[in-house]
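Here are my notes for a colleague who is new to this structure. Please read them with the model open beside you.

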Amino acid sequence: MKLSKRLETVVSFVETGSRVADVGTDHGYVPIALAERGIAVHGVAMDVREGPLARAREHIRRHGLEDVIEVRLGDGVKELKDGEADTVIVAGMGGELVIHILEDGKRLWGEIKHWILSPQSELDKVRKFLEDNGFLIEREDMVQEEGKYYTVMRVIPGRMEPMEPWELLYGPCLVRQKHPVLGEFLVREQNTLEEILKGINRQEGEKAKDRASKLRQKLVWIRRALEIVGNLEGYNIEGEG
């Protein structure tokens, strides 16, 4: 099965021999790929909506994997039974929802070996939640696909050092890796914010001043991350000459 770059990255974070629960499974492509490649020995495809589950059920049937992958209606991990999975995937949803699912699954924190998360927004809030609740970001990757940037992280129980604001925003692992896709993203973000700031600086009033101050602070954090990521020569940044 051919997957998008984002989903291929999610699949690459799962260890062989895992029992996997895929939350918000949609079409069921991730558990199908994991089963077909011999990575997952058992899967639970979960979604809060019956429509996506029906599609997942049909795809699983077509691939002959009904004995390996169960399909289950449920909100987050509420319907996941104790001891049923050692890996939980939560991908393709906003950061606040990812946090909500983690909070609702607190009873599982001690038994899940890996949480594989790919928030679509508010990554700083997700990382702060992990830091505050005894999780360690073990691995991170970032991909660019069709003009959008996606971060995937693998999280395990454990304590990590408190993160600086720029690490919460851009990922301590990605920065330490000098990840080239992160470099592309940071340069694009820097250019965008500088253009916005030019427009705001021509405005008057307290709201404009406050917004300009916040943008300047974010630019400081971007530049701090870029200092560590290093030389950006040769990066393929769309729109850059």
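1. Rings of Phe, Tyr and Trp (its six-membered ring) are taken to pair if their centres lie within 6.5 Å, with planes under 30 degrees apart counted as stacked, over 60 as edge-to-face and the rest as tilted. By that rule the structure holds four aromatic pairs. One of them is the edge-to-face pair of Trp109 and Phe135, at 5.0 Å centre to centre and 75 degrees between the planes. Ring pairs also link Trp109, Phe129 and Phe135 into a cluster.

2. On the basis of the values: this is a predicted model, in which local features need pLDDT of at least 70 and side-chain atom pairs count only at pLDDT 80 or more, while totals for chains, interfaces and linings use all residues. Residues are numbered from 1 along each chain as its sequence is written, and side-chain values use heavy atoms, with hydrogens and water left out.

3. Both Trp109 and Phe135 are buried, where buried means under 20% relative accessible area, exposed over 50% and partly exposed in between (1.4 Å probe, protein chains only).

4. In soluble globular proteins, nonpolar side chains tend to be buried together.

5. Which residues does Leu130 touch, leaving aside its neighbours within four places in sequence? Leu130 is in contact (heavy atoms within 4.5 Å) with Leu102, Leu117, Phe135, Ile137, Met153, Val155 and Met160.

6. Turning to charges, a salt bridge is a side-chain nitrogen of Lys or Arg within 4 Å of a carboxyl oxygen of Asp or Glu, and the count comes to 25 salt bridges. In one of these, Arg107 is joined to Asp82, the closest N and O atoms being 2.6 Å apart. Arg107 is partly exposed at a relative accessible area of 42%, whereas Asp82, at 55%, counts as exposed.

7. Two charged ends also sit over rings, meaning that NZ of Lys or CZ of Arg is within 6 Å of the ring centre and within 35 degrees of the ring normal. That of Arg6 sits over the ring of Tyr150, 5.5 Å from its centre, and that of Arg139 over the ring of Phe13, 3.9 Å from its centre.
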